[in-house]
Amino acid sequence: MTARDRILEVAASRIGPYGKGSPEVEAIWRDVLDASVSDAQVKDFAKHNEWCGGFVLNCLREAGVTESHWKIGSGFVLKLLGSKAATTTPVPGDIGIRQGSPPHLVYHHFFVEKYAGPNDWDSIDGNSPNCARHHHTWLDPTIIYYSIAALLPAEEPLPEGGFVRGQKFSVPGIQD
């Protein structure tokens with residue numbers, strides 16, 4: 001299973017009817033907000049804020065591809081991936097952000113689950129209004145996709161006849 005598969009598996013496991021202020025959303029924010037945020041602040045944040053971005057970061061953290069935390073007021077995507085990670089050809093596991101208008105410039109975060117083109121793609125979204133899968137038949141021009149490739153371990157094919165032991169490549173009879 002690839003890291004992208006793990007991310008989408010984690011996201012799919014969270015699908016369900018919960019929303020702002022629920023125990024599930026509190027748990028998401030408790031995981032992604034840094035340790036300096038008090039329990040009372042986490043509960044208040046979970047009750048009064050949208051949680052789609054927290055959902056995305058929580059899934060990335062649980063899948064083991066980042067240890068980053070959410071900074072209240074600045075989010076995480078650009079800090080974690082950078083603006084150069086923007087892509088027009090997303091692949092499963094990449095992050096989509098639908099842009100809003102001022103003063104709410106970031107409107108909605110989601111994972112791309114499948115992308116067969118701008119008129120045939122699927123997403124897994126937290127806070128939409130629950131946590132759900134969606135099929136899309138058109139592309140909102142305000143969406144920017146960000147590749148998560150920089151977060152992923154290199155997944156290079158192994159040379160023929162070898163195997164990995166203790167994170168090192170071995171060849172039977174020579175190194176084992």
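**Entry 1: D140**

The model is predicted, so local features need pLDDT of at least 70 and side-chain atom pairs count only at pLDDT 80 or more, while totals for chains, interfaces and linings use all residues. Residues are numbered from 1 along each chain as its sequence is written, and side-chain values use heavy atoms, with hydrogens and water left out.

D140 lies in the loop between β5 and β6. Is D140 buried or exposed? D140 is buried, with a relative accessible area of 15%. I use buried for under 20% relative accessible area, exposed for over 50% and partly exposed for in between (1.4 Å probe, protein chains only).

**Entry 2: T137**

I found T137 in the loop between β5 (132-136) and β6 (143-146). Helices (H or I, at least four residues) and strands (E, at least two) are DSSP runs, numbered from the N terminus. T137 is exposed, because its relative accessible area is 52%. Leaving out residues up to four places away in sequence, T137 touches P118 and N119; contact means heavy atoms within 4.5 Å. I also looked up T137 and D122, which are 15 residues apart along the chain, and their C-alpha atoms are separated by 8.9 Å.

**Entry 3: N127**

I noted N127 in the loop between β4 (121-125) and β5. Most residues other than glycine have a negative phi. N127 is not a glycine, yet its phi is positive, about 60°. N127 counts as buried, because its relative accessibility is 14%.

**Entry 4: helix α4**

I turned to α4 (residues 52-62), where ten of the eleven residues are buried. Among them are F55, L57, L60 and R61. After α4 comes G64, with a positive phi near 85°.

Two packed helices are described by the angle between their axes and the distance between the axes. Axes are lines fitted to C-alpha atoms, for helices over the stretch in contact, and angles run from 0 to 180 degrees between N-to-C directions.

The axes of α1 (residues 3-13) and α4 come within 8 Å and cross at roughly 125°. That makes α1 oblique to α4, since angles under 35 degrees count as roughly parallel, over 145 as roughly antiparallel, 65 to 115 as roughly perpendicular and the rest as oblique. From α1, I7, V10 and A11 make the contact, and from α4, F55, C59, L60 and E62. I sorted these residues by class and got six nonpolar, no polar and one charged. Ala, Val, Leu, Ile, Met, Phe, Trp, Tyr, Cys and Pro count as nonpolar, Asp, Glu, Lys and Arg as charged, and the others, Gly among them, as polar.

**Entry 5: α4 with α2**

The axes of α2 (residues 23-32) and α4 come within 9 Å and cross at roughly 65°. In this contact, I28, W29, D31 and V32 of α2 meet G54, F55, L57, N58 and R61 of α4. The classes here are five nonpolar, two polar and two charged.

**Entry 6: whole chain**

I ended with the protein chain, which has five helices and eight strands. Of its 176 residues, 41% are buried.
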